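Please describe how the parts of the model shown below are arranged.

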Amino acid sequence: MTTKSHPILSMAASRIGLGLLSLVIVSLIIFSAVSFLPGSYASAILGQNATQAAISAMEIKLGLNRPWFVRYLAWLGAAATGDMGLSFSGRPVMALIGPRLKNTLVLASITAAIAVPLSITLGIVCARYRGRFIDKFLSTSTLASISIPEFFVAYVVMMVLAVKLQLFPSMAGIRNGMGLGEQLYRMVLPILTLLLVILAHMVRNTRAAILSVMASPYVEMARLKGEPEKRVVIRQALPNAIGPIASVVALNLAYLISGVVVIEVVFVYPGVGQAMIDAVRNRDVPVIQACALIFAAAYIGFNLIADIISIVSNPRLLHPR
Amino acid sequence: MSESDRGQMNDLAHKLRNGAISRREFLARSSALLAAGAAMTMPGMSYAQTAEPKAGGKMRLGLHNASQNDNLDPGTWSTSWTGASFNGGVYNNLVEILPDGSVAPDLAESWEQEDKAATWRFKLRKGVTFHNGKSLTPEDVRQSFLHHMKPDSTSGARAIVQQISSIDLDGSDAVVFKLADGNADLPYLMSDYHLSIFPAQEGGGIDIQSGKGTGAFLLDSFEPGIATRLKRNPNYHKNNKPYLDEVEFISIPDATARLNALLTGEVDFIQDLDIRNVPMVERSSDFTVQRVPSLRHFSFDMDTRVAPFDNPDVRLALKYALDRDDVIDKVFLGEGRKGNDNPVSSIMKYYHELPQRDYSIEKAKEHLAKAGLTNVSVDLHVADNAFAGAIDAAVLYQEHAAKAGITINVVREAADGYWENVWLKKSFAGVDWFGRAKVDWLFSTIYTSKAPWNAGWSNARFDELCEKARTEADDAKRTAYYAEAQQIIHDDGNLLTVAFVDWRNAVSNKLGYDKVGGLMPLDNMRMCERWWLKA
């Protein structure tokens, strides 16, 4: 090999390759898991109209009489060309998920735009004033909010701000024909809940990452040289803590896309998580698969970016021994 | 007034409050009691005010069963969401079921039958137009039925349309249905929400894309699994109806979120109020808990082809060994009407009132002895979704039955897949029945020996009575046949009805409505055109 590619590019390419492989494995696991579930789309849809004849008529119509691996390969082939296929209800999967995915992304981006800068700032503040009142207060309150299940946070927020004080609507459900202002107003409570849930994780990890760097000899050296503490934290410690901070941010961003199902249910927010629940209940496999792919892609994508950021910020990682 | 009269009076008042009888019926029966007795004190009664309907306003409904798979193909409808928004809002049937359970003309103005109910002629109402201005023709009706009759049909109305052998147009305003066998209930079956009338397309088939029906409302927007908005149809064929300008259906799957939406004024009506939330709604002066008696019932069903259920006395012993009052009190928190081992609901025509079967350790032992046993052990299969509270009910039943020497092993099954793997497969299992609006329909789908969901019970006399009653035009004879059939099920049948439940909704006091039908949820699916806003 005479051509020498840039080490970061070749690293990124190999990570992307591994990411795609993981996607295929995830889709295989989900597909087989769904086909082992008891019950079928036909009986779920027909309910108390489900006679044996009606069920088999529907299964033949949907091609469900074929073995599951045949269906999987057919689906994989189509998905590779970007065709997510038709849902069992006959509508294209992307038409079904598309608007909901947009809603999820809007909610996730607004939350992330607030949460990421805020949590990193708070984390730095905690590290800088370690052991002081502000650190103790933030550590305790974030520990509390990380320990409470998210649906409970959601219900408390809803009870106080929507039912008792009536400041905000209890339903975030954005529907056709609502103006942007009303949509944002309706999204306040879910955003607030999500902030409470993910802030804690990111603040604590930022603080821990900076503090672990602060224990290293070169920081001691900087202090001995007489640099002010604020400068030590921001100029000396923070750049070396970017790797771990990036990975916790990535995890939380992925959570915002794939893990907000409970929040969506409580606030009646029409996001992609509800689409997946609905699909699982109906055994609508093409939709389940598409949602799983989106979620897995979010995790893999964000982690890939976090990896690249930490490697760029720490060139030693490029040349593992 | 004697003690028993007072008891009856209280019972009537209770029934009135629960909506089991109408006010007119209450007045008639209570004045009869009054005439027989002396003075009395009126028990506390709360009347729903039936003010004159008012025009205008928007009603918002919070329902739980929307799905992203919902679409306008009537064959796929299976929920109260699709039933009430599409069938009840945008479309009509040939006939309509009134709140009192009787059948009334809708798109059909009148109908007549001949050949022992095997030929039916429906005459269409004049001047009805679809939302796009097209007039209703017999061809629209014919195509709307053929849609469900295709050979590979997966329609929910398949069982009904299978009885039809041909549909012919008769002139410009009538349709003739020929049935393979007579069925005196055909007009009622025409009210099935799948059998909505759609506009026919050129070259056959119906237009299920455009959302243009004949109904009280125009389909304004439809986001599957999220919301459906309807706007008033100014050219509706029923006088003054609809009253509302707009109706919005909003999907709220979570019970707590539904309650909060009501309490914060996001919606005016929520469906299926959780029993634990009843006191919360009842405390408020802005909302009412509405209980509409329904066909829905919870039962434990036995397979009588398998020992020990093959012995009628063992079945009776099991029926006597259940303390229904205790279950209703503890598991359903008082929300339910006692079952009497009869699947026919008291709100149905041809309901035959039988003496209530109550918990009796002696009678249970007596029937066990007749079967030549002193004790018996059975497995009862239940899951969380067999019916709401099924596991708790089974555990209580275990306690009740133990006193009569009957051992019940409660087998907890997984909720997921319960209907595929347990129901109709295990010989004794909990079932949540939605019921059927007509006795014949109920019996011929579940209890006759050829019924598709027969759980393993057959009785020749019962089958014969159903056959005879189906084609019988004389109402008195029909009533007698069905009374005997219900007696047979009660004594010999394979089901142990725990309770009948109500449609339990929470309603804002701003909404106005008349008597509410319970054969189907949401005022027989037609609340859009029957309800109004008071303020």
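How many residues of chain B are in contact with chain A? In this predicted model, local features need pLDDT of at least 70, side-chain atom pairs count only at pLDDT 80 or more, and totals for chains, interfaces and linings use all residues. Residues are numbered from 1 along each chain as its sequence is written, while chains are lettered from A and ligands numbered from 1 in the order in which they are written.

The answer is 34 residues of chain B, which meet 37 residues of chain A; two residues are in contact if their C-beta atoms, placed from the backbone, lie within 7 Å. On the side of chain B that touches chain A, at least two residues each come from helix H5 (158–161), strand S8 (217–223), helix H7 (255–263) and helix H13 (418–421) of chain B. Helices (H or I, at least four residues) and strands (E, at least two) are DSSP runs, numbered from the N terminus. H7(B) supplies the largest share of that side, 5 residues. By class, the side of chain B that touches chain A has 12 nonpolar, 15 polar and 7 charged residues. Here Ala, Val, Leu, Ile, Met, Phe, Trp, Tyr, Cys and Pro count as nonpolar, Asp, Glu, Lys and Arg as charged, and the others, Gly among them, as polar.

Chain B is divided into three domains, with bounds from an automatic or database domain assignment.

| Domain of chain B | Residues |
|---|---|
| Domain 1 | 1–69 + 215–294 + 503–535 |
| Domain 2 | 92–189 |
| Domain 3 | 297–500 |

The centres of domain 2 and domain 3 of chain B, taken over C-alpha atoms, are 34 Å apart. Their contact takes 11 residues from domain 2 of chain B and 12 residues from domain 3 of chain B. The side of domain 2 of chain B that touches domain 3 of chain B comprises 6 nonpolar, 3 polar and 2 charged residues.

Chain B also has an open sheet of 4 strands, in the order S4-S5-S7-S6, with antiparallel pairing; two strands pair if DSSP finds at least two bridges between them. Strand S4 (108–114) and strand S6 (164–170) of chain B are the edge strands, each pairing on one side only. From one strand to the next the twist averages 20°. S4(B) and S5(B) are antiparallel and joined by 6 bridges, with B:Glu114 opposite B:Thr119 in S5(B). Their hairpin has 4 residues between the strands, and B:Asp115 takes a positive phi near 55° there. S6(B) is joined to strand S7 (residues 174–179) of chain B by 6 bridges, and B:Ser166 faces B:Lys178 in S7(B). Helix H4 (residues 138–149) of chain B lies across strand S5 (119–124), S6 and S7 of chain B, at about 165° to S6(B). Axes are lines fitted to C-alpha atoms, for helices over the stretch in contact, and angles run from 0 to 180 degrees between N-to-C directions.

Helix H3 (residues 80–90) of chain B is largely enclosed by the rest of the structure, because 11 of its 11 residues are buried. A residue is buried if 20 or more other C-beta atoms lie within 10 Å of its own, exposed if 12 or fewer, and partly exposed in between, with C-beta atoms placed from the backbone. Among the buried residues of H3(B) are B:Trp81 and B:Phe86. The elements they pack against include strand S1 (58–63) and strand S9 (227–232) of chain B.
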